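Subject: Structure handover

Hello,

Here is the structure I promised to pass on. Please open it alongside this email, and then read my notes below.

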Amino acid sequence: MELLKQLYLIDAQSGSEKKQRNFIIDYIKDIKDISFETDETGNLYVTKGTSETYPCIVSHLDEVHSIRPKDFKVLVAEGYILGMDDKTHTQHGIGADDKNGIWVCLRCLERYDAVKCVFFVGEETGCVGSNHADMAFFDDCRFVLQCDRRNNSDFITSIGGYKLCGNDFLDDAKIEDFGYKTREGLSTDVYT
């Protein structure tokens, strides 16, 4: 929970993702067997371990919320995480879209011996980073998954009629065992 709270405290509006990217770089430097690079767009590509093929998890660095007030705090109350201005006692967004996805990526980098992660810029303003992605990075990826969804039980399998995964993947993933249902989604980085 502490890592998630730290992520929520970082301002990362579209076009101003540098603090978020730097936090991630500082965080992953303590994980063994990590290599990373950024591209000229500002995307961050991370590889852990050596493998013939990798699972790949992506997230985006930007958020839609405006800059947080000076007295912004992240509070946990009765299982809910809230952003509050401690001075005015007003609620503010925490940027859960897509700081939750960043958290998933960081936890995967800690947990698994071989995994790739990409952190894209500008998803909220038209998938800017993924439109300029280094596609060669994905050549040895078995799948690319993005945990960027409003609901907690949707598994997006198509966007705009474009199929994102096949039935074999869904069968292997056993999404129903985890409470997920297939849904149609809107634009995000994996679609791009």
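Start with a charge and a ring. The charged end of Lys116 sits over the ring of Phe137, 4.0 Å from the ring centre. A second case involves Arg68. Its charged end lies over the ring of Phe72, 5.0 Å from the centre. Keep in mind that this is a predicted model.

**The sheet**

Five strands form an open sheet with mixed pairing. Their order is E1-E2-E7-E3-E8. Which strands stand at the edges? They are E1 and E8 (141–146). Each has a single partner strand, so one side of each is left without a neighbour in the sheet. On average, neighbouring strands are turned by 15° against each other, direction ignored.

Now the pairings:

- E1 and E2 run antiparallel and are joined by five bridges. Thr38 has Leu44 in E2 as its bridge partner.
- E2 and E7 are also antiparallel, over five bridges. Here Lys48 is partnered by Val115 in E7.
- E3 (residues 54–60) and E8 run parallel, with five bridges between them. Pro55 is opposite Phe143 in E8.

Look next at E2. Five of its five residues are buried. In a regular strand, side chains alternate between the two faces of the sheet. Both faces of E2 are covered. Leu44, Val46 and Lys48 are buried on one side. Tyr45 and Thr47 are buried on the other.

The hairpin of E1 and E2 has five residues between the strands. Within this hairpin, Gly42 takes a positive phi near 110°. Asn43 is in the loop between E1 and E2 too. Is Asn43 buried or exposed? Its relative accessibility is 0%, so Asn43 counts as buried, the limit being under 20%. A polar atom of the Asn43 side chain lies 2.9 Å from the backbone oxygen of Gly129. Leaving aside residues up to four places away in sequence, Asn43 touches residues including Glu37, Thr38, Phe119, Phe120 and His132.

**The helices**

H3 lies across E1, E2, E3, E7 and E8. It runs at about 150° to E3.

H2 covers residues 18–28. Its buried residues are Gln20, Arg21, Phe23, Ile24, Ile25 and Ile28. What do they pack against? Their partners are helices H1 (2–8) and H3 (96–111), together with strands E1 (34–38), E2 (44–48) and E7 (115–120). An α-helix has 3.6 residues a turn, so residues three or four places apart point the same way.

**Aromatic pairs**

How many aromatic pairs are there? The count comes to seven. Take Tyr162 and Tyr191 as an example. Their ring centres are 6.0 Å apart and their planes stand at 75°, so the pair is edge-to-face, a class that takes planes over 60 degrees apart. Tyr162 is in strand E10 (residues 162–163), while Tyr191 is in the segment after strand E11 (181–185). The pair therefore ties together parts that are 29 residues apart in sequence. Tyr191 is partly exposed, at a relative accessible area of 36%.

Ring pairs also link Phe143, Phe155, Phe169 and Tyr180 into a cluster. Phe143 brings you back to the sheet: this is the residue in E8 that stands opposite Pro55.

Best wishes

Conventions: Residues numbered from 1 in each chain as written. Predicted model: local features only at pLDDT ≥ 70, side-chain atom pairs only at ≥ 80, totals over all residues. Heavy atoms only, no water. Buried < 20%, exposed > 50% of the residue type's maximum accessible area, 1.4 Å probe, protein only. Helix = DSSP H or I, 4+ residues; strand = E, 2+ residues; numbered from the N terminus. Contact = heavy atoms within 4.5 Å. Phe/Tyr/Trp six-rings, centres within 6.5 Å; stacked < 30°, edge-to-face > 60°. Lys NZ or Arg CZ within 6 Å of the ring centre and 35° of its normal. Polar contact = N/O pair within 3.5 Å; in protein donor to acceptor, adjacent residues only side chain to side chain. Pairing = 2+ DSSP bridges. Axes fitted to C-alpha atoms, helices over the stretch in contact; angles between N-to-C directions.
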